[in-house]
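Let's walk through this structure together, starting with its pockets and moving on to its packed helices. Have the viewer open as you read.

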Amino acid sequence: MTYDCWTEGMNSKIKPFKIVQKFDEGARKDFAKKMFSELRELSADTVGVSRQSYGPGEQEAMELIARYAQEEGLEVAWDKAANLVISLPGNEQTKPSILCGSHLDSVPHGGNFDGAAGVIAGLMALIQINRSGLDPVVPIKLIALRGEESAWFGLCYLGSYSLFGQMSAKDLDRKHRSSGRTLREYMSEAGADVDAISQGRKLIVPKDISAYVELHIEQGPVMVARDVPVGIVTGLRGNIRYNKVLCQGQAGHSGAVPRWLRHDAVLATADLLNRMDEHWRVLLERGLDLVLTAGTLSTNPETHGLTRIPGECEFSLEFRSQSIETLEAFDELVRAEVRSIEKERGVAFQFPVRDMTEPAIMDSQWISHLSNSCKSLNIRHETLPSGAGHDAAVFANNGVPSAMIFIRNDHGSHNPKEAMEIDDFLRGVEVLHHALQSPP
């Protein structure tokens with residue numbers, strides 16, 4: 001696999017290195033604790049960590065990983081999307097490679113393990129292979145991907161979408177949630193080829209990747225509830241998102257307007273959400289996979305008041321499923337209920353252009369291979385779907401055989417209370433290392 005590299009400024013940050021060949025369980029545990037601790041210190045905020053996509057926090061995290069890789073004698077490069085790519089020395093560049101990795105950005109005030117666990121696990125697997133002196137059957141690379149989180153620019157998978165030519169000039173014009181500057185500016189400053197990306201040019205050839213393997217914390221409660229340290233992912237839910245839906249009604253005096261003459265935007269929104277919740281319940285009873293969330297909901301703070309009938313209400317709407325047919329059918333149900341409520345309550349809903357991420361199925365051979373690795377290492381595991389999205393979905397939907405390893409993690413994700421145990425993480429690293437050495 002060939003990457004065009006951008007390396008300016010990296011060597012000045014590299015310390016002289018001395019490789020210690022021994023990398024036993026104790027050394028691996030110390031290394032992992034040190035890495036996570038340094039990463040947390042780099043990006044700590046008032047309550048958790050904040051590593052902005054294509055921002056300083058993500059860049060500093062990338063450079064930390066690059067420094068440790070170079071200290072171990074691994075090869076470091078940056079691709080045209082400014083993703084960090086780390087290779088074993090002497091990797092045969094003309095052969096298709098296995099990519100392992102994840103992302104290093106976080107949501108605002110997030111946890112330290114989401115994404116970073118997969119990058120550190122990949123680095124540790126490469127270090128272990130490099131120190132052993134073994135020559136892998138297939139070239140192996142670690143990729144630390146940019147901008148997996150949608151929190152900063154309203155679009156996820158920025159680094160992986162860029163690789164496969166799935167970003168547009170309009171996407172690059174998206175504004176940062178706080179600074180108001182464009183994604184194009186941030187990506188350019190990080191060294192990405194924004195001209196090629198905005199033209200939708202593929203920066204990588206799918207056939208040059210033999211597989212993509214991502215380790216990640218589980219972001220739900222299933223593995224904790226079942227007391228399982230390692231999970232093998234079968235598929236990833238896709239989603240349809242409407243970031244800002246506006247329900248426009250008519251403001252009025254709370255005591256002077258009777259119910260039959262009201263055009264209450266809040267009650268209309270509540271009516272819609274209640275109807276969709278009932279549709280969700282029925283679909284679940286029929287055995288369909290679906291989750292529904294309205295993560296934001298507010299009236300206009302400049303005009304709302306205790307005695308004022310709300311004239312407008314803004315909310316977000318997101319639904320996820322492993323089935324694209326279910327997603328599309330539910331979207332049609334939303335639109336049908338909107339038309340009904342508009343007529344009944346005399347309001348108007350304004351929907352933005354929807355964002356859609358397709359579901360992805362993980363490669364069956366790799367699912368079996370990872371499960372067999374768990375059995376060989378005597379590590380208790382289960383197979384399960386991922387409710388959250390990951391870069392693995394982008395690779396899978398572009399024809400790359402893809403797989404995921406989940407690590408048990410308490411208190412969910414996207415919050416400072418993420419609680420992955422280092423012993424569970426090391427089990428996951430063992431599975432990754434074992435599976436990479438003899439791919440299916």
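Residue classes come up throughout: Ala, Val, Leu, Ile, Met, Phe, Trp, Tyr, Cys and Pro count as nonpolar, Asp, Glu, Lys and Arg as charged, and the others, Gly among them, as polar. The model is a predicted one, in which local features need pLDDT of at least 70 and side-chain atom pairs count only at pLDDT 80 or more, while totals for chains, interfaces and linings use all residues. Residues are numbered from 1 along each chain as its sequence is written, and side-chain values use heavy atoms, with hydrogens and water left out.

Let's begin with the pockets. A pocket here is an open set of points on a 1 Å grid over the protein atoms alone, where a 1.4 Å probe fits and protein lies on both sides within 12 Å along at least five of seven lines; lining residues have an atom within 4 Å of a point. Points are joined across faces, edges and corners, and the volume is the space filled by probe spheres set on them. The largest pocket holds about 1200 Å³ of space. It is lined by 39 residues, and S150, G154, R241, Y242 and N243 are the closest to its centre. Two or more lining residues come from each of α5 (169-172), β7 (238-248), β9 (291-293), β10 (297-299), β12 (312-321) and β14 (355-357); these labels follow DSSP runs numbered from the N terminus, with helices (H or I) of at least four residues and strands (E) of at least two. β12 gives the most, six residues. By class, the lining of the largest pocket has 15 nonpolar, eleven polar and 13 charged residues.

The second largest pocket holds about 540 Å³. Of its 30 lining residues, Q219, R320, G387, A388 and G389 are the closest to the centre. Here α8 (222-226), β7 and β16 (381-386) are the elements that give two or more residues, and β16 has the largest share with three. This lining divides into ten nonpolar, twelve polar and eight charged residues.

Now for the helices. Two packed helices are described by the angle between their axes and the distance between the axes. Each axis is a line fitted to C-alpha atoms over the stretch in contact, and angles run from 0 to 180 degrees between N-to-C directions. Helix α1 (residues 25-43) and helix α2 (residues 56-71) have axes that come within 10 Å and cross at roughly 150°. On the α1 side, F31, K34, M35, E38, L39 and L42 meet E60, A61, L64, I65, R67 and Y68 of α2, where contact means heavy atoms within 4.5 Å. That contact has eight nonpolar, no polar and four charged residues.

Helix α13 (residues 422-437) brings us to another pair. Its axis and that of helix α3 (residues 116-132) come within 9 Å and cross at roughly 55°, which makes α3 oblique to α13. A117, I120, A121, G122, M124, A125, Q128 and I129 of α3 contact F425, L426, V429, L432, H433, L436 and Q437 of α13. Eleven of these residues are nonpolar, four are polar and none is charged.

Helix α11 (residues 364-376) also packs with α13: their axes come within 9 Å and cross at roughly 120°, so this pair is oblique. W366, H369, L370, S373, C374 and S376 of α11 contact V431, H434 and A435 of α13.

Definitions and conventions
Parallel < 35°, antiparallel > 145°, perpendicular 65-115°, else oblique.
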